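Please examine the sequence and the model shown below.

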Amino acid sequence: MPDTLVKAPALELRGVRAGYGRIQVLHDVDLLVPAGRVVALLGPNGAGKTTTLSVASGKLAATAGHLHVGGQHVNGASAAALARAGVCRIPEGRGIFPTLTVAENLKLVGFLGSKADGVADTAYERFPVLAQRRGQLAGTMSGGEQQMLAMARALGSDPGLLLLDEISMGLAPKVVADLYEVVGQLAATGISVLLVEQFVHTALAIADYAALMVNGRIVRMGEPADVQDAIQETYLGGGR
Ligand SMILES: Nc1ncnc2c1ncn2[C@@H]1O[C@H](COP(=O)(O)OP(=O)(O)OP(=O)(O)O)[C@@H](O)[C@H]1O
Ligand SMILES: [Mg+2]
């Protein structure tokens, strides 16, 4: 039997509402990330994609609806509690320590609760460029290298669900392709991924499912081929 039928979904939002102050941004969002699958959350600027990731990571509380992680009802759980439950979000700004070296950044993952040993070794194996730069201050590396370090740190916490928000931001196409190759490899190891991405084709190429969000609502969810035309019409501008 396929995994998806026996394993609880990695993430499930049902009728989720959330916003900032009195402004509601998410309106009854239903979103499912099956275990071990990659879901792309796509949509125009301001649609509510980052807000959705904030709810999923516990940074922003839902004002209505249900949030499930690995089959557990986790409404109201803190970001720290969800991190312990295996939810890992790469923060905007990448969440690395710019004035520490690469090696120190990787060492700190261990101090944050997971097994320290092996985090750096795995990182250097997966991203050889980090091994070459282990003594360099993280803040002086290129954008792509910093993104790799951010990913390596995220993986060091051994996540079950990875939340990625535009990891391509400001990076050259070749670097983006390399990063997404790693995302694909991670998914192959069973990590579930919810990714937000402006490069629609890049995202759809590795996604098992895609969801199109417009004005805080999921207007389409399905396999990439079924959602592609709706994306084109909704925000990429007409025919292909
Ligand atoms: N901290 C905040 N306080 C107030 N409003 C916010 C805040 N963060 C986001 N918003 C508003 O919520 C709406 C959704 O924003 P969000 O960042 O979720 O969109 P997005 O889909 O990620 O857009 P983009 O593709 O531009 O990153 C926008 O109208 C935005 O201005
Ligand atoms: Mg965003």
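Are helix 5 and helix 7 oblique or roughly parallel to each other? The model is a predicted one, and in it helix 5, residues 119–126, packs with helix 7, residues 143–156, at an angle of about 135 degrees. The axes of these two helices are 9 Å apart. An angle over 145 degrees would count as roughly antiparallel and one of 65 to 115 degrees as roughly perpendicular; helix 5 and helix 7 are therefore oblique to each other. The crossing in which helix 5 passes helix 7 is right-handed.

The contact itself can be followed residue by residue. Helix 5 contributes Val119, Thr122, Ala123 and Arg126, which meet Ala152, Leu155 and Gly156 of helix 7. Sorted by class, this contact comprises 4 nonpolar, 2 polar and 1 charged residues.

Helix 7 also takes part in a second pairing. Its axis and that of helix 8, residues 173–188, come within 10 Å of each other and cross at roughly 10 degrees. Because angles under 35 degrees count as roughly parallel, helix 7 is described as roughly parallel to helix 8. On the side of helix 7, the contact is made by Gly144, Gln147, Met148 and Met151, and on the side of helix 8 by Val175, Leu179 and Val182. The contact of helix 7 with helix 8 has 5 nonpolar and 2 polar residues, and no charged ones.

Attention may now turn to the ligand. Around ligand 1 lie Tyr20, Val25, Gly43, Asn45, Gly46, Ala47, Gly48, Lys49, Thr50 and Thr51. Helix 2, residues 49–56, supplies the largest share of this shell, with 3 residues. By class, the shell around ligand 1 is made up of 6 polar, 3 nonpolar and 1 charged residues.

The whole protein provides the setting for these details. It contains 10 helices and 10 strands. Its radius of gyration is 18 Å, close to the 18 Å that the globule rule gives for 240 residues, so the protein is as compact as a globular protein of that length. The C-alpha trace spans about 45 × 45 × 40 Å along its principal axes.

Terms used
Residues numbered from 1 in each chain as written. Chains lettered and ligands numbered in written order. Predicted model: local features only at pLDDT ≥ 70, side-chain atom pairs only at ≥ 80, totals over all residues. Axes fitted to C-alpha atoms, helices over the stretch in contact; angles between N-to-C directions. Helix = DSSP H or I, 4+ residues; strand = E, 2+ residues; numbered from the N terminus. Left-handed = near helix turned anticlockwise from the far one by under 90°. Contact = placed C-beta atoms within 7 Å. Nonpolar A, V, L, I, M, F, W, Y, C, P; charged D, E, K, R; others polar. Near = placed C-beta within 6 Å. Rg over C-alpha atoms; globule rule 2.2 N^0.38 Å.
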